[in-house]
Amino acid sequence: MSANQVNNLDVVVLGAGFSGLYMLHRLREAGFSTRVYEAGDGVGGVWYWNRYPGARCDIESIYYNYSFSEELYQEWNWTSRYPDQPEILRYLNYVADKFDLRRDIQFKTRIIAAHYDEKMNLWNVKLNDGTSVSAKYFISGAGCLSSANLPNFKGLESFKGEWYHTGKWPQEKVDFKGKRVGVIGTGSSGVQAIPVIAKEAGHLTVFQRTPQYTIPARNHLYDPAFIKQTKENFAEIKRLMRETDTGNGLQIRNISALSDSPAKRRELFEKVWEEGGFGLTSSYNDFLINEEANHTVSDFIRSKIKEIVHNPETAAKLLPDYYFGTKRPILDSGYYETYNRENVTLVDVKEAPIIEITPNGLRTIDGEYELDIIVFATGYDGMTGPLFKMDIRGKGGMSLKEKWEGGSMVRSYLGLATSDFPNFFMITGPESPSVLVNMPSAIEQHVEWIIDCLEYLREKGVDAIEPTVEAEEAWSKHCREVAEATLYVKTESWYTGANIAGKPRSFLIYLGGFVHYTQKCNEVAASGYNGFTLSTIKALR
């Protein structure tokens, strides 16, 4: 063993966000020696990096937390319906302190490679500081949206002003006061940041490629009586998080949008629009499988945009034409209203594409826009992006990127593991429900499945576990068949990788329902891990 390699661990965990923190807690409780490596200088994961103006969660805060500890739930008080980034970060820091997690987290450290050693049955993990560590198990808590996407804009290096990406926002406040600001991108981070920046900037120019359907959040402070009630109903909150398909308390009405009259449907849409939140998405059960049903809600939102935005030409540019819900639905706070401000201009870059960044701003085919600050709200290389950023290699030195053919042929079993990569687990990995479920719910389910699996292996004296090729091919085929029965695959989105130039198109989220997925995972565990190969290896140690 080289001087710069630390002693063998049982487990190396990547990331100190929701996934890594809970994984660490459970591993320590079970007696596994564990080290977490985190690129940031604090806990939080995506909530550490996403500090952009207006950053806020779109899941109601009473569900956007851990449910494994009732004591933790009783101690923490959320202040509003939808928590903002600073509050979520405070929560995760509170969790890290409560469970004394920091002593097993190495901050400011990025995992750059993880190679499986077949002879030793160990993962050799290389760090960006030049050191390495070995462990029997390697667990990724990288998440689905931790790899920021900065398109390769010509001339960016020549820009004389300041530029930022919403996914890598500085810790210090960015001063927009009186500045000429350009925001490129109108996905979730853009929709959240634009109204906040517009209130401060001298002039804001929004460069939009694809208009979005957004729904009012109607965020508000919580009443102390409501907080008291939720704490008294912890058992029911936990049940809703663990035993429903959304994992966030939303109950999807079991009725087709086409079964109601247009008048009755409009009345319901108006009601849930005024209430805010994702009530609109759950008002009928067939928006994502029936084109005609989808048109009812798409037409409603487009009618709202026309009502809100005063300038008909601007309103027309803001009208989406894809199927509602097949891109991530967005909650907003005054987004459409922002385009009524005199200091805001909307530029359609499908009509007038961006040619280059210039020293003084940005040029489209229609002309140049002088800017002091550019904000890239250009999203993330989702699903496979965070995993492909590392050099992960399994048996025979094959990289994960090679095995998955750059993302065009992803194959996993339950989104938890992949063949030829023994003792490697992914929390909310590709082909699990991941981002289409309340993430803390999905994370807790995965972490608990993994820890049960590791304890089983230890008890049975098993050294290595990996899926069979047959099991993962069957699971991947099932995932594709379920997705192809929906409208999701008919829209280009970050779900399919369409936001990344040259990235293969595939839909890598399991759509069969969180409840069915959980049952399947439980069945696999109860069968002694059917679909996995369990082996004993005489390692040369």
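Which residue takes a positive phi just after H14? That is Gly-461, with a phi of about 70°. The model behind this is predicted, so to speak on its own terms: local features need pLDDT of at least 70, side-chain atom pairs count only at pLDDT 80 or more, and totals for chains, interfaces and linings use all residues. Residues are numbered from 1 along each chain as its sequence is written, and side-chain values use heavy atoms, with hydrogens and water left out.

Back to H14 itself. Helices (H or I, at least four residues) and strands (E, at least two) are DSSP runs, numbered from the N terminus. H14 has 22 residues and spans 32 Å from its first C-alpha to its last, close to the 32 Å expected at 1.5 Å a residue (the expected span being 1.5 Å times one less than the number of residues). Of those 22 residues, 16 are buried, so H14 is largely enclosed by the rest of the structure; buried means under 20% relative accessible area, exposed over 50%, and partly exposed in between, with a 1.4 Å probe and protein chains only.

Val-447 lies in this helix and is buried, at a relative accessible area of 0%. Leaving aside residues up to four places away in sequence, Val-447 touches Ser-19, Tyr-22, Met-23, Arg-26 and Ile-427, where contact means heavy atoms within 4.5 Å. Thr-428 sits 19 residues from Val-447 in sequence and 9.1 Å from it in space, C-alpha to C-alpha.

H14 (residues 439–460) also packs against H16 (residues 514–526), at an angle of about 5° and with the axes 11 Å apart. Axes here are lines fitted to C-alpha atoms, for helices over the stretch in contact, and angles run from 0 to 180 degrees between N-to-C directions. The two helices are therefore roughly parallel (under 35 degrees; over 145 is roughly antiparallel, 65 to 115 roughly perpendicular, the rest oblique). On the H14 side, Ser-441, Ala-442, Gln-445, His-446 and Trp-449 meet Phe-514, Tyr-517, Thr-518, Cys-521, Val-524 and Ala-525 of H16. An α-helix has 3.6 residues a turn, so residues three or four places apart point the same way.

Elsewhere, three strands make an open antiparallel sheet in the order E13-E14-E15; strands pair if DSSP finds at least two bridges between them. E13 (354–358) and E15 (367–370) are the edge strands, each with a single partner, so one side of each has no neighbour in the sheet. E14 (residues 361–364) and E15 pair over four bridges, and Gly-361 stands opposite Glu-370 in E15.
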